[in-house]
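Please open the model in a viewer and keep the sequence panel at hand.

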Amino acid sequence: MKSRLALALLAGSLLLAGCATETVFRPAGTASAATQDRPFTVSGRISINMDGKGSVGQFDWAHQLEADQLSVNSPLGSTVAQLRRDGTGVTLLVDGKSWQASNVEDLTHDVLGWTLPLGNLVWWIRGLPAPDAPYQFASDGSLDQQGWTIRFVSDADAPGLYPKRVEMQRDKLTLRLLPQNWR
């Protein structure tokens, strides 16, 4: 009996030791470099929780200085929604239907009932405050900007150029992004 208990404790401690320790993400570099937007392509996982109702999936995002293409996919990989932004405006495609507007925030609010802050998300996904809006870092390291509280999480054992997880909360909406493949 004692050997089983000792074996269980040893196995549990090995499992815990294998888990990465999380810490607050701190971006490297200078403030002036952080205010210059750069193109990127990233994919990963997403979870959305609104009023206690949640959804999970995957995302693929190609960001250019004047355009974005963001696809949200089911856990099995089929496209659920696609958002396209360019110099002419924004288009949202969902279930064969199409909506258009001049900006992402108005469009997502009207169609989805919540606002996707894509202009700020370009910066937040990289662990940075949006440079064109006032912001404040709280004592716990979270960022408060334009009504959102954003928490950037990194692996303490293997810090990277970008956060491993970005958690955003506003009112009864929580968005979590786990960027996994930066290109």
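**First stop: the aromatic pairs**

A search of the whole structure finds five aromatic pairs; here the rings of Phe, Tyr and Trp (its six-membered ring) pair if their centres lie within 6.5 Å, and planes under 30 degrees apart count as stacked, over 60 as edge-to-face and the rest as tilted. Select Phe40 and Trp61, which form an edge-to-face pair with 5.1 Å from centre to centre and 80° between the planes. Phe40 belongs to strand β2 (residues 40-50) and Trp61 to strand β3 (residues 53-64), so the pair ties together parts that are 21 residues apart in sequence. Helices (H or I, at least four residues) and strands (E, at least two) are DSSP runs, numbered from the N terminus.

The model is a predicted one, in which local features need pLDDT of at least 70 and side-chain atom pairs count only at pLDDT 80 or more, while totals for chains, interfaces and linings use all residues. Residues are numbered from 1 along each chain as its sequence is written, and side-chain values use heavy atoms, with hydrogens and water left out.

Buried means under 20% relative accessible area, exposed over 50%, and partly exposed in between (1.4 Å probe, protein chains only).

Keep Trp61 selected and display its contacts, that is, heavy atoms within 4.5 Å. Leaving aside neighbours within four places in sequence, the residues in contact with Trp61 include Val42, Leu70, Leu118, Leu121, Val122 and Ile125.

Next, select Trp61, Leu83, Leu116, Trp124 and Met168, which touch the most other members among the 34 residues of the largest nonpolar core. Helix α4 gives the most to this core, with five residues. A nonpolar core is a set of buried Ala, Val, Leu, Ile, Met, Phe, Trp, Tyr and Cys residues joined through side-chain atoms within 4.5 Å.

Select residues 104-112, which make up helix α3; its buried residues are Val104, Leu107 and Thr108. They cover an arc of only 90° around the axis, which puts them on the same side of α3; the arc is that of the directions from the helix axis to the C-beta atoms. What do the buried residues of α3 pack against? Their partners are β5 (79-86), β6 (89-94), β7 (97-101) and α4 (118-124).

Then inspect the two ends. At the N-terminal end, Asn103 caps α3 through a side-chain oxygen that lies 3.2 Å from the backbone nitrogen of Glu105. This is a polar contact (a pair of N or O atoms within 3.5 Å; within protein, one must be able to donate a hydrogen and the other to accept it, and residues adjacent in sequence count only if both atoms are side-chain atoms). After α3 comes Gly113, with a positive phi near 90°.

Select Gln145 in strand β9 (residues 143-145). Gln145 counts as buried, at 1% relative accessibility, and its side chain reaches the backbone oxygen of Ala130 at 2.8 Å. Beyond neighbours within four places in sequence, Gln145 is in contact with residues including Trp124, Pro129, Tyr135 and Ile150.

Move to Gln146, in the loop between β9 and β10. Gln146 is partly exposed, with a relative accessible area of 46%. Not counting residues up to four places away in sequence, Gln146 touches Asn120, Ala133, Pro134 and Arg170.

Most residues other than glycine have a negative phi. Select Asp51, in the loop between β2 and β3: its phi is positive, about 55°, although it is not a glycine. Asp51 is partly exposed, with a relative accessible area of 48%. Now select Asp95, in the loop between β6 and β7, where phi is again positive, at about 50°. Asp95 is exposed, with a relative accessible area of 68%.

**Final view: the whole chain**

Clear the selection and display the protein chain, which has four helices and 12 strands. Buried residues make up 35% of its 183 residues.
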